[in-house]
Amino acid sequence: MTHTEAKQQHPSLYLEVCSPNEEPRLPVHTSIALFLLSYCECTSFKVFLVFTKPASTHSLKSQLAGSLDVSDIQLEDLPHLVRGCRLPAALDETGKLCRAGLAVVLRHIISKTLEADPSRNDVLALLGFKKTCLKACAEVSKWTRLCEIGIPSAIEEHLKNPSNQYQQLPLSILTLEQRLAEPVKVHNDDKIRRQKLQEQRQNEKNESPKGRGNPDSESAPGQAPQVCDGLELRAALAKLSVDSVPTLTTRENSEIRKVKTTDLPLLEHVFAEGLYFTLTDVVLLPCIYQYLCSLQAHAASTLHQLPHLLRWYSRVQEVPGVLRAAKTCGMALSIPQVPTSSLPGLSAEDKPTGLLEQEEGQEMTAQLPFVGGPRPTMTKLKENGIEADFAPHPCPAWTLPWDSLPGAINPTEGKMSNIRAVRKRQQLNNLVGMVTGLARPGYTVVDFCSGTGHVGIVLAHTLPDCQVLLIENKEESLVRAQSRSAELGLKNIGFIQANLDYFTGPFHIGVALHACGVATDMVMEHCIQAGAAFVISPCCYGFIQNAIKFTFPKSKRFQETLTYKEHMILCRFADQTAVQLPPERRLIGKQCMGLVDLDRSWAAETHGYSVRVMTMEPESCSPKNNMLVGRPPQKSGQEVSASQLEAAVHN
């Protein structure tokens, strides 16, 4: 146990400091976290600046708010949970729950701010209309990936090697510029668009020979025309409850009300996600600030390509609290001297094609409709010698001693129905039985996509000599799991709220119950990279799609036989296993499940793994009753046979 773990009595925030030379520097993601702390005026955390080597922090003082409780810490002195995660990371008062990754940590800072002062409506507004801003994980949301990873990483790369990048703008910056050029839709945009039309017509009257007041008046250099910018910006600032901003007209005249929605003017981006200032803008501001500062003399030749980004940069500075927070963090914001008044208005005809296909909150791209059924695809595979093959279950009758287990472990103690609780216990019998056969004292077992901890908590109780980590992206589920663990008094358990890629610690066994869609493939890939065994029950085959790190089909034999679309047909019909469906249809669905998982197992075997696809017992425990058990390549003399695994489970 480290010194920090022993004295953990309050939330702690761990931010990276890099030292490329003798002088330490704050990475972009650290600057973003500090800027949000300043904007929220949040003092709930003890902040630790994490150094990889001893260095003086004197040069960093100007970037740290005086109200923060800041200390230095060396990388090797980090608490165990934090050491296994990418920074930034936050550790709760118990030292048992770690939140890791930029978006997760920033949302947690907002949560702690509101917990301390519920009246901060401006801070609450950062989460967006449905409180989902940057909530979708970067693995499946292109927008989150752009803002959380793409742009900060591009800026970091630019700062490290700016000399060759003045003429060629980073692709992520160009993507953001294109996004800002697109018209936006918000939940009440019809009303705002009618108000915009009314203002436009009023301005046209004022500019006519009869209504013109001063024909020589123009927009000041560097400012967009009032017609294009006025109403959207006022609507955005009014959302932040700024008293000095005039409220919008509550009702339009009858002529405006009769205009068809399709004929209304489009709304322009004010901030990154549309009309309103959100957490995304907080992330982007330190990035764009550092990028603009680095351009220096090259700004004029570069920034003319980024008119919408510059206008966004100007608007952000009008948000109350931004300039104050920036000054606290040593950011001397200024408006680049590049005219933006000539920006054209947007129309439906010239709407640019977006580089982002996936919007905030959209966790999966829509599946294209398929024509026909799975039989032609299955026949094609069979003609090439490929059929679903299920290995025998090594211990079909094995069960946990449910009657003697504490109540907090038993699913019947939760909110689920008795029938569902019985099936959940059967599912747990299968996964825990397999993990028990693979585990050895001192092993670290990771429950991925852990939810409220049904699998992980049983494992921690059953394997007291092992360390069990629960990793889950949804905070509510993980807090519930932590509460159940505390009730049981478990000491060998830890909790990490993070996207899967932010967990970097070593482990021996990865387990996941009903990992949806590509989550199964992500868990398998993470286990293979760590050289760990895996026990996974897949789910939601219809959500499978090509991802950043892998494409489908995954194995060479399947790739040589099926196209991507044909593989998607298998995935779609693999979901046809519900009990209310006809038996013949369920049988086809089960065969499709087996084929999809056979492709997965063959892909894993190219890494030296031994993988078995089997059916959980009893089959009625779930319509998604497949289970993949993979063992990594063993050192000579350490191979575990199926019979040894069965014997270990029974013992």
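Predicted model: local features only at pLDDT ≥ 70, side-chain atom pairs only at ≥ 80, totals over all residues.

Which exposed residues are carried by the face of α18 that is turned away from its buried side? They are Glu476, Ala486 and Glu487, where exposed means over 50% relative accessible area, buried under 20% and partly exposed in between, calculated with a 1.4 Å probe on protein chains only. Residues are numbered from 1 along each chain as its sequence is written, and side-chain values use heavy atoms, with hydrogens and water left out.

The protein has 23 helices and 12 strands, which are DSSP runs numbered from the N terminus, with helices (H or I) of at least four residues and strands (E) of at least two. Of the 651 residues in the protein, 54% are buried. Among contacts between residues at least 6 apart in sequence, 75% join residues at least 24 apart, a contact being heavy atoms within 4.5 Å.

Helix α18 covers residues 475-488, and its 14 residues should span 20 Å at 1.5 Å a residue, which agrees with the 20 Å between its end C-alpha atoms; the expected span is 1.5 Å times one less than the number of residues. The buried residues of α18 are Ser477, Leu478, Ala481, Gln482, Arg484 and Ser485. These residues cover an arc of only 160° around the axis, so they lie on the same side of α18, the arc being that of the directions from the helix axis to the C-beta atoms. An α-helix has 3.6 residues a turn, so residues three or four places apart point the same way. The cover over the buried residues of α18 includes β5 (97-100), α17 (454-462), β7 (467-472) and β8 (493-497). After α18 comes glycine 489, whose phi is positive, near 70°.

The whole structure holds 10 aromatic pairs, counted for rings of Phe, Tyr and Trp (its six-membered ring) with centres within 6.5 Å, and described as stacked if the planes are under 30 degrees apart, edge-to-face if over 60 and tilted for the rest. Tryptophan 312 and tyrosine 313 form a tilted pair, because their ring planes stand at 45°, with the centres 6.5 Å apart. Both tryptophan 312 and tyrosine 313 are buried. Phenylalanine 448 and phenylalanine 507 form an edge-to-face pair, with 5.6 Å from centre to centre and 70° between the planes. Since phenylalanine 448 lies in strand β6 (residues 444-448) and phenylalanine 507 in the loop between β8 and β9 (509-516), the pair ties together parts that are 59 residues apart in sequence. Phenylalanine 448 is buried, with a relative accessible area of 1%, and phenylalanine 507 is buried as well, at 5%. Elsewhere, Tyr39, Phe271 and Phe277 form one aromatic cluster.

Rings also meet charges. The charged end of lysine 46 sits over the ring of phenylalanine 48, 5.3 Å from its centre, where sitting over a ring requires NZ of Lys or CZ of Arg to be within 6 Å of the ring centre and within 35 degrees of the ring normal. Lysine 554 lies over the face of phenylalanine 550, at 5.2 Å from the ring centre.

Several loops deserve a look as well. Glutamine 576 lies in the loop between α21 (564-574) and α22 (583-605), and is buried because its relative accessible area is 19%. Leaving aside residues up to four places away in sequence, glutamine 576 touches Leu581, Arg585, Arg586 and Gly589.

Some backbone geometry also falls in loops. A cis peptide bond, with omega about 5°, joins leucine 87 and proline 88, and proline 88 is found in the loop between α3 (80-83) and β4 (89-91). The peptide bond from glutamate 617 to proline 618 is cis too, with omega near -10°, and proline 618 is in the loop between β11 (610-615) and β12 (626-631). Cysteine 449, a residue other than glycine, has a positive phi near 50°; cysteine 449 lies in the loop between β6 and α17 and counts as partly exposed, at 35% relative accessibility.
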